[in-house]
Amino acid sequence: MSNEKSIPLSHGIVRQDRKLADGRTISYYDSKATTRNATDSRPVEKRPGLGELRLDALTNEWVVMAAHRQARAFLPPKELCPLCPTKPGLQSEIPESNYEVAVFENLSPSLALAQKDWKLPEYDGLNTPIVDAAGFCEVLCYTDNHEAHFGSLSLEQIRIVMEAWRDRTREISKLPNIAHIFTFENRGVEVGVTLHHPHGQIYAYSYLPPRVEKMLQIATDHLAKHSRPLITDIIAREVKDEVRIVAQNIDWIAYVPFASRYPFEIHIAPKVFTADLAELTDAQADSFGAVAKESLQRLDGVFGIEMAYMASWHQAPVHVGRSALGLHLQITSIRRAPGKLKYLAGSESAMQAFIMDLKPEQSAAQLRDVKI
């Protein structure tokens with residue numbers, strides 16, 4: 001991940017790497033010839049130190065302690081948005097006066113690169129030592145248009161975002177101590193958004209998060225028993241049943257899962273098993289946007305309002321399970337009606353036992369009925 005260079009990617013997209021004033025890397029993804037040489041003229045401020053990884057001995061799950069993130073930006077007004085391009089009166093995280101897609105290292109990361117001799121401790125209950133919260137975090141800005149959102153982007157703009165996702169997955173996988181890469185978006189204050197500008201984030205963990213560990217074990221067992229990836233059989237069931245499909249094309253299918261947990265939940269998966277974003281073919285990357293855009297337009301159309309959601313890319317870990325755990329995007333919304341949210345109460349929060357009062361076939365029908 002060297003800096004001050006240009007890298008040609010697919011679909012005519014070029015990545016240009018530059019340095020911010022404090023030494024962080026910013027990468028611009030452009031679909032047409034563009035010179036990126038703006039200088040970050042902000043004064044250099046001391047960057048926060050590493051957080052901690054502590055083991056919850058009750059569950060053998062790692063918990064990140066990142067107290068330095070308390071001071072991060074929280075819902076600034078549009079004229080002070082740190083993800084908008086730099087302009088007179090605003091020196092943002094992005095020095096250029098415009099951009100198509102931009103990615104930069106998070107200013108207040110939950111996880112950061114550790115010393116070369118860093119090592120994840122073995123589980124040892126109460127005796128497990130505290131270690132630095134090793135990993136890597138980036139912010140991925142979908143567009144320089146502050147008023148846009150992913151579902152309103154053109155198919156060409158979504159293609160640039162997809163190329164950035166693919167490229168970041170490839171590049172971050174090369175970093176030391178990276179076990180899993182998680183690309184996601186939070187949209188709406190109801191799900192904890194702190195910046196309204198359309199963007200997503202990338203968390204690269206030095207360990208397998210609990211949900212990944214569980215999904216990987218289940219997928220591995222299924223592959224050993226049936227000689228087929230689990231996600232392949234899930235898609236086959238959705239195609240057979242038909243009633244939960246929301247949108248599809250030659251390469252992708254969007255559906256409400258058989259046992260959905262949220263009032264509105266859409267999974268988008270490539271029809272051919274693919275381990276991660278980096279392994280998508282150019283054809284798959286080209287055709288993703290149409291299904292994603294339609295799915296999000298249908299989600300916003302259910303109640304005629306912009307729906308808060310979390311969009312999470314699930315993919316195979318960097319080093320293990322790559323023939324078992326398949327790539328898919330999970331979009332979940334806690335909106336159950338205009339003015340009503342589904343709160344994760346006792347059963348969901350304490351027991352992780354979800355209770356749904358809307359069948360997935362019902363929500364799929366509501367999504368399909370939206371006129372686009």
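What volume does the largest pocket have? The model is predicted, with local features requiring pLDDT of at least 70 and side-chain atom pairs pLDDT 80 or more, while totals for chains, interfaces and linings use all residues. Residues are numbered from 1 along each chain as its sequence is written, and side-chain values use heavy atoms, without hydrogens and water.

The largest pocket has a volume of about 1900 Å³, a pocket being an open set of points on a 1 Å grid over the protein atoms alone where a 1.4 Å probe fits, with protein on both sides within 12 Å along at least five of seven lines; the volume is the space filled by probe spheres set on the points, which are joined across faces, edges and corners. Of its 45 lining residues, the closest to the centre are Arg 211, Val 212, Met 215, His 314 and Gln 330, where lining means having an atom within 4 Å of a point. Helix H2 gives the largest share of this lining, seven residues, helices being DSSP runs (H or I) of at least four residues and strands (E) of at least two, numbered from the N terminus.

The structure also holds 15 aromatic pairs, meaning rings of Phe, Tyr and Trp (its six-membered ring) with centres within 6.5 Å. The rings of Phe 288 and Trp 313 have centres 5.4 Å apart and planes at 45°, so this pair is tilted, a class between stacked (under 30 degrees) and edge-to-face (over 60). Phe 288 lies in helix H4 and Trp 313 in strand S14, 25 residues apart, and both are buried (under 20% relative accessible area, 1.4 Å probe, protein chains only).

How values were computed
Buried means under 20% relative accessible area, exposed over 50%, partly exposed in between (1.4 Å probe, protein chains only).
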